[in-house]
Amino acid sequence: MTPHILTRSLDRAATVFVLVVAGLGVLIPLSNLLLPEGSFFQVPTYLVALWGKYVCYAILALAIDLIWGYCGILSLGHGAFFALGGYAMGMYLMRQIGTRGVYAHPILPDFMVFLNWPELPVYWYGFQHLAYAVLMVVLVPGALAFVFGWFAFRSRVTGVYLSIITQALTFALMLGFFRNNFGFGGNNGLTDFKDILGFNVQAQPTRAALFAISVAALILGFLICRTIVSSKLGMVLVSIRDAESRTRFLGYRVENYKLFVFTLSACMAGVAGALYVPQVGIINPSEFAPGNSIEAVIWVAVGGRGTLIGAVIGAAVVNYGKTTFTSGVLAPYWLFVLGGLFVLVTLLLPRGIVGTFNAWWEPWKAQRLPAIADSAAREDGVSEPNPAE
């Protein structure tokens, strides 16, 4: 009987990673909800929201590692897909406000009333339903990535040129969303959210539930990525990364493989943005800033490109450092710290945290296993035969 594809794709490290993340996804919300406030083991609500944001960033890093670490596509515009998913969720949350807004209009969001919009734009229709919003969270970033990739990959745009084009894409979207006539709130964006499925987004149980859902999405995204990179498709992606011309000469339609993985990565980034918005409470055009996409690439580089687990760890470590260094007297120096971190990782740990650990662990394990086997054989009374003289 052929083992299940997910079972085949999970080695010991991946299994431990999934179990640890799942455990945190259960224990942290339970600690927040069940333990009394002030207890040593009680996780405050603000930390639940903060760590939930880290989990969303981890999903984005996972999406980037899938295309960069395994297919060699360095995208400097994945923040655009992240923001589009966030705006789709923000539009749903805005439609839930209703008459509780400042202007108490039953249909139009406050910013549209302020700007004298006569009626709700057509592209806002349907966002009063969560199912429709979830569909748009995946469909809009995926459609944009598919159209962009269709032209870029078939034109054989690669390397630094592709990176520049993706950066130009997110910059153009940022300029567009800053305009009030786009119908997305201009530079103020979408905020003042009230409910999600009838539950107060600021309430403690809702925060805990959003964190648990984000962790579940991270695990699902990791399993999808792990299944892909452990399959024959993953082998083709790695060959495209290492020798694209040779892979094409072997008869593979390189453009189709790159288009598929790029679109899937964009959908994952959209999901990350959708989970990010209700936990942060705002989405505005600054999420499209090219600097955000570059920073996400740094997460992957720090954690370890082409490791998946490293991308998650890198996102958590760098953003924890950002939270620490952007408060107090160290706030003006955060960008210098981030740039220095990237330089140090490039020079001293070019494989990242997890990649460097694997490079050290594998040779040690290879030397250790024969010694363990020989020791076990001696205990069983079996010794190696003497060499022939």
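Leaving aside neighbours within four places in sequence, which residues is F222 in contact with? F222 touches L10, A14, F17, V18, L62, L308 and I309. Contact here means heavy atoms within 4.5 Å.

The model is predicted: local features need pLDDT of at least 70, side-chain atom pairs count only at pLDDT 80 or more, and totals for chains, interfaces and linings use all residues. Residues are numbered from 1 along each chain as its sequence is written, and side-chain values use heavy atoms, with hydrogens and water left out.

Start with confidence. pLDDT is the predictor's confidence in each residue, from 0 to 100. The protein averages 89, and 90% of the residues score at least 70. Among the elements, helix α11 (residues 254–280) has the highest mean pLDDT, 97. Helix α1 (residues 5–9) has the lowest, 60. Over residues 382–389 the pLDDT is below 50. Beyond near neighbours in sequence, that stretch has two contacts in the model. Where pLDDT is low, the predicted coordinates should not be read in detail. Helices are DSSP runs (H or I, at least four residues), as are strands (E, at least two), and both are numbered from the N terminus.

The largest nonpolar core has 110 residues. F222 is among those with the most contacts inside this core, together with W124, L190 and F288. Helix α3 (residues 45–71) gives the largest share of the core, 19 residues. Such a core is a set of buried Ala, Val, Leu, Ile, Met, Phe, Trp, Tyr and Cys residues joined through side-chain atoms within 4.5 Å. Buried means under 20% relative accessible area, exposed over 50%, and partly exposed in between (1.4 Å probe, protein chains only). In soluble globular proteins, nonpolar side chains tend to be buried together.

Now take a helix pair. The axes of α12 (residues 290–303) and α13 (residues 309–325) come within 7 Å and cross at roughly 115 degrees. Axes are lines fitted to C-alpha atoms, for helices over the stretch in contact, and angles run from 0 to 180 degrees between N-to-C directions. From α12, the contact uses E295, W299, V300, V302 and G303. From α13 come G310, A311, G314, A315, V318, N319 and K322. These residues divide into six nonpolar, four polar and two charged. Ala, Val, Leu, Ile, Met, Phe, Trp, Tyr, Cys and Pro count as nonpolar, Asp, Glu, Lys and Arg as charged, and the others, Gly among them, as polar.

P290 also lies in helix α12. P290 counts as buried because its relative accessible area is 16%. Leaving aside neighbours within four places in sequence, P290 is in contact with L76, Q167, T170, F171 and M174. P290 and Y46 are 244 residues apart in sequence and 28 Å apart in space, C-alpha to C-alpha.

R248 sits in helix α10 (residues 244–249). Its relative accessibility is 17%, so R248 counts as buried. Outside four places in sequence, R248 is in contact with R156, V254 and E255.

Most residues other than glycine have a negative phi. A104, in the loop between α4 (78–95) and α5 (110–114), has a positive phi near 55 degrees. N116, in the loop between α5 and α6 (130–154), has a positive phi of about 60 degrees. A104 counts as partly exposed because its relative accessibility is 40%. N116 is at 66%, so N116 counts as exposed.
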